[in-house]
Amino acid sequence: MTRRMIIMIGCVLLVVAALALGKFLQIRALISAVPKPGPQTVSTVEVQKLQWQSQFSAVGTLNPVRGADLGTEVAGLVRQVHFKSGQDVKAGALLVELNADSDIAQLHAAEAAAAQAATVLKRDQAQLAVQAVSQAQIDADTNDLKAKRAQVEQQAAVVAKKSIRAPFAGRLGITTLNPGQYVNAGDKLVTLQTLDPIYVDFTLPQQQLAGLAVGQVVNLAVDAFAGQAFSGRINAISPKVDAATRNVQVQATVSNPKQQLLPGMFATVKIDIGGAREQLTLPSTAVTYNPYGSTVFVVKTADAFKAATAPAAGASGAAPAANANAPSGQQLVAQQVFVETGPTRGDQIAIVKGLEAGQVVVSSGQNKLKNGTPVKVDNSVQPTNNPNPTPQEK
């Protein structure tokens, strides 16, 4: 019985082994029958060492050096409007007159009362010389004259408030004010803005504070005047960093002789930091950003890739890269390399670490690549690589 059981178990094991071998051969045949993927088509660019001017960039808002919405302290009926919409006026120019007839009449009455008080004081002073009145009377007359003159000044101030004047030179806005219109105290009559020079206010992160200084040159551009550059100088840096955003407010004064820049516009502000220096540059599209780091794909020949990834070469990927224009018959492959990126300008990004000048890098199509993927180079269409791009309107 024992021998029979052993023979039966051996037969079962032989059958299982035969079935497993048959399945293994079937799976291997299926795998070998699957066609291998061909090379992936990509575009490439050569890593270049270019002159690079470090800059701080921000979005700013244009504000007037002096600007106000003019109103009136007192209510009244508009008698006359002395300006036109959009007119340039000088400081102190008369803009609006309100009806002040009753106030002027009260001023005349106050002036008459002050004149009468002055006459009484003069007469009592003459009588004091002959001891006809006491010194107390003279003191009372003097105080009464001062009070009457104060009333004159007060009423004159009320009359002056009925004439609205420009507090500073500038350009007036558009108004719908007309003679005969009644205005209340505090109503907006017209806006007045000084346009030359003009301020640009912007904020920068606190880590950039060390590169800022009063008097530093700023360059700005506005969409309304595409391609035209404006320059100014920093005149103030806020002594306080915003605790919510950790940004510091900066203000620069910009010359505006043609008065093209208007308050309320937004502008792109750039500040040059230090001198120009050479940096390795690539189009921004060449860099892939991942949670574990930034990477690019370097194009190499298959032999160079094997040499770079061999244990003796180390994992740094720093072995020399083959040119994308490889000799005929040599297959090109993509090697993933970690890089450290620096500042950006336009469509370009600086590479601080991980690449060398002259290496060929995939500029588009890297989303379908992995380390060692065969590639085919087609540079008929290239991503933009302009350090100072401008919007293209169609």
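This is a predicted model: local features need pLDDT of at least 70, side-chain atom pairs count only at pLDDT 80 or more; totals for chains, interfaces and linings use all residues.

Student: Why is Arg-246 called partly exposed?
Tutor: Buried means under 20%, and exposed means over 50%. Arg-246 has 47%, so Arg-246 counts as partly exposed. The residue lies in the loop between β14 (230–241) and β15.

Student: What makes the phi of Arg-246 worth a remark?
Tutor: Phi of Arg-246 is near 60°, a positive value in a residue other than glycine. Most residues other than glycine have a negative phi.

Student: Which value does phi take in Gln-259?
Tutor: Phi of Gln-259 is near 55°, again positive in a residue that is not glycine. Gln-259 sits in the loop between β15 and β16 (266–272). With a relative accessible area of 25%, Gln-259 is partly exposed.

Student: What makes Thr-281 buried?
Tutor: The cut-off for buried is under 20%. Thr-281 has 5% relative accessibility, so Thr-281 counts as buried. Thr-281 belongs to strand β17 (residues 277–283). Leaving aside neighbours within four places in sequence, its contacts are Val-47, Gln-48, Leu-50, Trp-52 and Ile-349.

Student: Is Ile-9 buried, partly exposed or exposed?
Tutor: Ile-9 is at 48% relative accessibility, so Ile-9 counts as partly exposed. Ile-9 is in helix α1 (residues 2–33). With Met-5, Met-8 and Leu-13, Ile-9 makes a nonpolar surface patch of about 420 Å².

Student: Now the sheet. Which order do the strands take in the open sheet of four?
Tutor: The order is β8-β7-β5-β10, with antiparallel pairing.

Student: Why do β8 and β10 stand at the edges?
Tutor: β8 (163–165) and β10 (182–183) each have a single partner strand, so one side of each is left without a neighbour in the sheet.

Student: How do you know that β7 and β8 pair?
Tutor: Pairing needs at least two bridges. Strand β7 (residues 94–98) and β8 have three, in the antiparallel sense. Glu-97 stands opposite Ser-163 in β8.

Student: How confident is the predictor, by mean pLDDT?
Tutor: The chain's mean pLDDT is 85, and 92% of its residues reach 70 or more. Over residues 312–324, however, the pLDDT is below 50.

Technical notes
Residues are numbered from 1 along each chain as its sequence is written. Side-chain values use heavy atoms; hydrogens and water are left out. Helices (H or I, at least four residues) and strands (E, at least two) are DSSP runs, numbered from the N terminus. Patches are made of residues with over 30% relative accessible area and no salt bridge: like charges are joined within 9 Å, nonpolar side chains (Val, Leu, Ile, Met, Phe, Trp, Tyr) within 5 Å. Accessible areas come from the Shrake-Rupley method with a 1.4 Å probe; for residues, only the protein chains shown count as cover. A salt bridge is a side-chain nitrogen of Lys or Arg within 4 Å of a carboxyl oxygen of Asp or Glu. Buried means under 20% relative accessible area, exposed over 50%, partly exposed in between (1.4 Å probe, protein chains only). pLDDT is the predictor's confidence in each residue, from 0 to 100. Contact means heavy atoms within 4.5 Å.
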